[in-house]
Amino acid sequence: MSQGQAPMRELAQRAFAGEFNDAGYTFRESDDDRAPVYALLPTGAKANRVFVVGTLTETDDVGSDDEYWQGRIVGPTGTFFTYAGQYQPEAAAMLREVDPPVFVALVGKPRTYETDDGDTNVSLRPEHLTVVDADTRNRWVTETAKRTLERIQRFDDDTNEYAAMAREEYDADPDQYRQTVIQALEELTDDAETAPTSQDQAGGVTPSTAEDASGSATEVSTDEDSTSQSGDDIGDFDTTDLDS
């Protein structure tokens with residue numbers, strides 16, 4: 001890296017909640033205190049940043065002295081939790097002011113927390129959080145399905161060090177996440193039927209219908225997928241820096 005050049009940002013992985021919430025093992029790849037912390041996805045990939053889209057169903061100020069906002073983002077295979085406080089002022093303001101339910105897109109850092117009974121809870125610390133539309137959510141589901149299947153297909157590659165790590169750390173068959181993909185695609189239309197019908201107070205997104213949401217439930221072209229990966233906008237969500 002040349003002098004004065006900014007460090008490259010980590011790839012924002014796409015994962016369904018059914019897999020992400022199982023990613024309780026975290027690690028660093030160097031002894032440097034400033035080295036990034038990675039969550040290990042059970043399908044065999046490291047994740048320093050994760051990109052999710054779903055329905056923000058609840059927000060709650062769980063702070064004691066200062067505001068500390070919790071958001072529940074529901075997808076077809078489970079729930080993502082995100083937390084924002086004084087160090088994430090834009091996300092905290094959004095969670096304070098938004099009127100759920102609304103579709104949202106989130107890029108965040110994985111964080112783990114061990115409970116008193118020994119369980120590990122996984123959440124996301126938001127970097128970017130914004131209201132989006134049904135078509136954005138649909139494309140995220142189909143693209144995340146593709147990414148998940150690609151990771152599963154690479155899982156038995158002897159050169160895949162993160163798959164080897166996942167075999168050591170998790171007692172999970174990666175094929176179970178193939179069923180997660182199927183569930184996500186099958187439930188996409190059903191999710192749309194219970195998704196937001198009015199988002200005027202949360203950014204003026206056009207009201208969605210089940211027909212709108214199901215339009216791209218099972219189709220995503222290679223061109224569309226590679227375009228969104230390379231950094232074009234997805235709906236109203238600027239993903240320019242997701243994969244750089």
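Is R14 buried or exposed in this structure? With a relative accessibility of 2%, R14 counts as buried, where buried stands for under 20% relative accessible area, exposed for over 50%, and partly exposed for what lies in between, with a 1.4 Å probe and protein chains only. The model is predicted, so local features need pLDDT of at least 70 and side-chain atom pairs count only at pLDDT 80 or more, while totals for chains, interfaces and linings use all residues. Residues are numbered from 1 along each chain as its sequence is written, and side-chain values use heavy atoms, leaving out hydrogens and water.

R14 forms a salt bridge with E143, their closest N and O atoms being 3.6 Å apart; the term means a side-chain nitrogen of Lys or Arg within 4 Å of a carboxyl oxygen of Asp or Glu. Because R14 lies in the loop between β1 (12-13) and α1 (17-20) and E143 in helix α3 (residues 134-153), the pair ties together parts that are 129 residues apart in sequence. Helices (H or I, at least four residues) and strands (E, at least two) are DSSP runs numbered from the N terminus. E143 is buried as well, at a relative accessible area of 1%.

A search of the whole structure finds twelve salt bridges, and another of them pairs R49 with E127, with the closest N and O atoms 3.0 Å apart. Since R49 belongs to strand β5 (residues 49-61) and E127 to strand β9 (residues 120-131), this pair ties together parts that are 78 residues apart in sequence. R49 is buried at 1% relative accessibility, whereas E127 is partly exposed at 27%.
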